[in-house]
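I opened a new notebook page for this protein.

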Amino acid sequence: MNAAFQVAGDIIEHSVTVPEVIAFPGVNHEDVVQKFVDVAENEGDIFIVSEHGNYQDPLDTVINSRDSSANWNSSYLGLYTSWVSFNQKGKKVWSPPSVAAFAAIAKSDKLAFPWFAPAGTTRGSLAEFGVNDAERVLKQSDIERLAAKQLNRMAKLKGDVAVW
């Protein structure tokens, strides 16, 4: 594990002030995620936002690698897949799904209570953040396979990208 992540996790474990949500976009190494899941489970009030899979990984690779990943069956962890794009100075820029998920969590907390899922066309919509595309178009069978592996997804519906 990167020493910086180890130190950050140790600081949070011994801190008086504890964050409510932690995201580290683009970092999905098992040992880093596991460290923060352990911290969240010990603290009891931190939610970890991470992604599973890398940009342009085939969907089967993302789903099958979930079988061999650490035991991330935790109510303190949200795993997201399907990268999203933003227009930045006229250029399409791809971003890890945890960036969009973090934005949706903030929006959901603003619109409702923290225990409401940041998903769907109201709380999960990402248009106001400039998200304009999702990495992949998913069929119903893909959605069911992702759900079985406890992977949340970014989906494009009628021109809007949303967390589901």
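**Entry 1: R153.** I started with R153, which is buried but has no salt bridge. Its nearest side chain of opposite charge is D142, 9.3 Å away. I noted the terms. Buried means under 20% relative accessible area, exposed means over 50%, and partly exposed lies in between (1.4 Å probe, protein chains only). A salt bridge needs a side-chain nitrogen of Lys or Arg within 4 Å of a carboxyl oxygen of Asp or Glu. For charge, Lys and Arg count as positive, Asp and Glu as negative; His and the chain ends are not counted.

This is a predicted model: local features need pLDDT of at least 70, side-chain atom pairs count only at pLDDT 80 or more, and totals for chains, interfaces and linings use all residues. Residues are numbered from 1 along each chain as its sequence is written, and side-chain values use heavy atoms, with hydrogens and water left out.

**Entry 2: Around R153.** I placed R153 in strand 7 (residues 152-157). Helices (H or I, at least four residues) and strands (E, at least two) are DSSP runs, numbered from the N terminus. Which residues is R153 in contact with, leaving aside its neighbours within four places in sequence? I listed T81, L138, I143, L146, A162, V163 and W164. Contact means heavy atoms within 4.5 Å.

**Entry 3: Helix 5.** I turned to helix 5 (residues 140-148), whose buried residues are D142, I143 and L146. Seen down the helix axis, they fall within an arc of 100 degrees, so they line one face of helix 5. The arc is taken from the directions from the helix axis to the C-beta atoms. I recalled that an α-helix has 3.6 residues a turn, so residues three or four places apart point the same way. The face turned away from the buried side of helix 5 carries the exposed residues Q140, A147 and A148. Just after helix 5, Q150 takes a positive phi of about 60 degrees.

**Entry 4: Aromatic rings.** I looked for rings of Phe, Tyr and Trp (its six-membered ring) with centres within 6.5 Å; planes under 30 degrees apart are stacked, over 60 edge-to-face, the rest tilted. I got one aromatic pair. F24 and F36 form this tilted pair, 5.1 Å centre to centre, with 50 degrees between the planes. F24 sits in the loop between strand 1 (21-23) and helix 2 (30-43), and F36 in helix 2, twelve residues apart. Both F24 and F36 are buried.

**Entry 5: The whole protein.** I counted five helices and eight strands. Buried residues make up 43% of the 164 residues.
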